[in-house]
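Here is a short report on one protein chain. Look over the sequence and the fold before reading on.

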Amino acid sequence: MPTPSFTSTPVRNRTRKSVHRSTTTRRSTTTRRTTARRAAAPLATAAALLLCGPLAATPAHATDPPGGSTDTAAKPPAHMSTVGGKRLGRPGTQVALKQGAPALPKGLSGKSWLVADAESGDVLASHNAHWQLPPASTLKMLFADTVLPKLPKTKTHKVELSDLEGMGEGSSLVGVKENYTYTVHDLWLGVFLRSGNDAVHVLSAMNGGVPATVREMQAHAKYLNARDTHVVTPDGYDEKGQVSSAYDLTLFARSGLQKADFREYCSTATAQFPGAYAKDKKGKKSRSSFGIQNTNRLLTGFGVEPYKGIAGVKNGYTTNAGSTFTGVAQRGNRVLLVTVMNPQQGGGIEVYKETAKLFDWGFEAAGSVDPVGTLVRPGAAGASHSSADGEDSRKGAQASVSTADGSSSGMWTAVGITGGSLALLGAVAFGVHRRWPLPELVRRRSRD
């Protein structure tokens, strides 16, 4: 396995001003050149790190915070959305412990969090589940769930300078360079592993442009009944009015994980990313590559203990959002989803520590708590059960999602990690306890 190299530019402790985009607006030549230099810089950084070795520098995790969030909203609204159940619309912690059930972990400081059974959709516990907060790069889950099915992974694209326009200052970058050709597969690795806004913008350009992609993301969020979400940028960068919630982010993860490519990308720990072209001594031209590592620390174990059974999904950090994270993990036959938004204590790894605590609690508590709500299914039928309490709303999610031909769709597959490999360990339709044939074993490996 090649030595991982960290190529993303850290998000600075600042927020850009709102930028009004249109498909007809062009930047000045000077601005385009500045963007090009910014996008190309990580390639030189990657080369230097590869020469120096793994201990040469501390990896720059683009989604890790240099300090605390500047978000001044101290309290959640008194009344929030009731999608998934009335209790989920209440501020504060919601949990229904049966006799003998383990208590919730101490020291949880996230402004919002949620623990759910990924298969049944039962919400085991939550805290301000529908509080609309800046999502940071966890919004890329919605971007991927929306765009990934539309672009074949073998499709290639030569990057134009205009593809890289519109990124926020200090964006995390994987190292996409104009006038170079990349496959869709390369670009998705850049999105999931390095949270590369440059890769997001190129994929958006391939999808018809940023404005069109934002509209599609918003429409898909509505279809998923993610009513707390308002999309302004496809990459999750801080923008006025761009919000989501722990509940909605969990819906995005659950929907995305039904897609095999989504599962592959979000569970990949390290990979090789295409670099620059160079000539050898004989004058033969070839393209180099550099190593990239996933910024999900519970997956890679960088700075924290890797979580047993973790299989993705996405982390994020911006100035206003603080640290955000949604993860999926499997233990035995149970698969859980946990989302944590903006811990108010600790440093850049606190979001992972609190997520791990909630996973541990969820696996221990499953079966000894009454659900406080449910993850609703997509479409109008799912939305019709949005105001019910736990038991009633779960009944609304117990029907399978069917396609026009009457076949069951929405098959969900969890990915668990055991002994260094990734195993696809279980599959069910939304809210339907029906077992499906197990997919092939997927090995964790560097991807050329």
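The protein has 11 helices and 16 strands. Keep in mind that this is a predicted model. Of its 448 residues, 58% count as buried. The accessible surface comes to about 18000 Å², and carbon and sulfur atoms hold 51% of that surface. Now take the contacts with a separation of 6 or more: 68% of them join residues 24 or more positions apart.

**A pair of helices**

| Helix | Residues | Among the residues at the contact |
|---|---|---|
| α3 | residues 184–194 | Val184, Leu187, Trp188 |
| α4 | residues 197–206 | Ala199, Val200, Val202 |

How far apart are the axes of α3 and α4? They lie 8 Å apart, and the helices pack at an angle of about 140°. That angle makes α3 oblique to α4, because only angles over 145 degrees count as roughly antiparallel. The crossing of α3 with α4 is left-handed. On the α3 side, Gly190 and Val191 also take part, and they meet a set in α4 that includes Leu203 and Met206. The residues of this contact divide into 9 nonpolar, 1 polar and no charged.

**A residue in a strand**

Ser126 sits in strand β3, which covers residues 122–127. Is Ser126 buried or exposed? Its relative accessible area is 1%, so Ser126 is buried. Beyond its neighbours within four places in sequence, Ser126 is in contact with Leu88, Gly92, Thr93, Gln94, Trp113, Leu114 and Val372. Val338 is 212 residues away from Ser126 in sequence, yet their C-alpha atoms are 9.6 Å apart in space.

Definitions and conventions. Residues are numbered from 1 along each chain as its sequence is written. This is a predicted model: local features need pLDDT of at least 70, side-chain atom pairs count only at pLDDT 80 or more; totals for chains, interfaces and linings use all residues. Side-chain values use heavy atoms; hydrogens and water are left out. Helices (H or I, at least four residues) and strands (E, at least two) are DSSP runs, numbered from the N terminus. Buried means under 20% relative accessible area, exposed over 50%, partly exposed in between (1.4 Å probe, protein chains only). Contact means heavy atoms within 4.5 Å. Accessible areas come from the Shrake-Rupley method with a 1.4 Å probe; for residues, only the protein chains shown count as cover. Axes are lines fitted to C-alpha atoms, for helices over the stretch in contact, and angles run from 0 to 180 degrees between N-to-C directions. Angles under 35 degrees count as roughly parallel, over 145 as roughly antiparallel, 65 to 115 as roughly perpendicular and the rest as oblique. A crossing is left-handed if the near helix is turned anticlockwise from the far one by less than a right angle, and right-handed if clockwise. Ala, Val, Leu, Ile, Met, Phe, Trp, Tyr, Cys and Pro count as nonpolar, Asp, Glu, Lys and Arg as charged, and the others, Gly among them, as polar.
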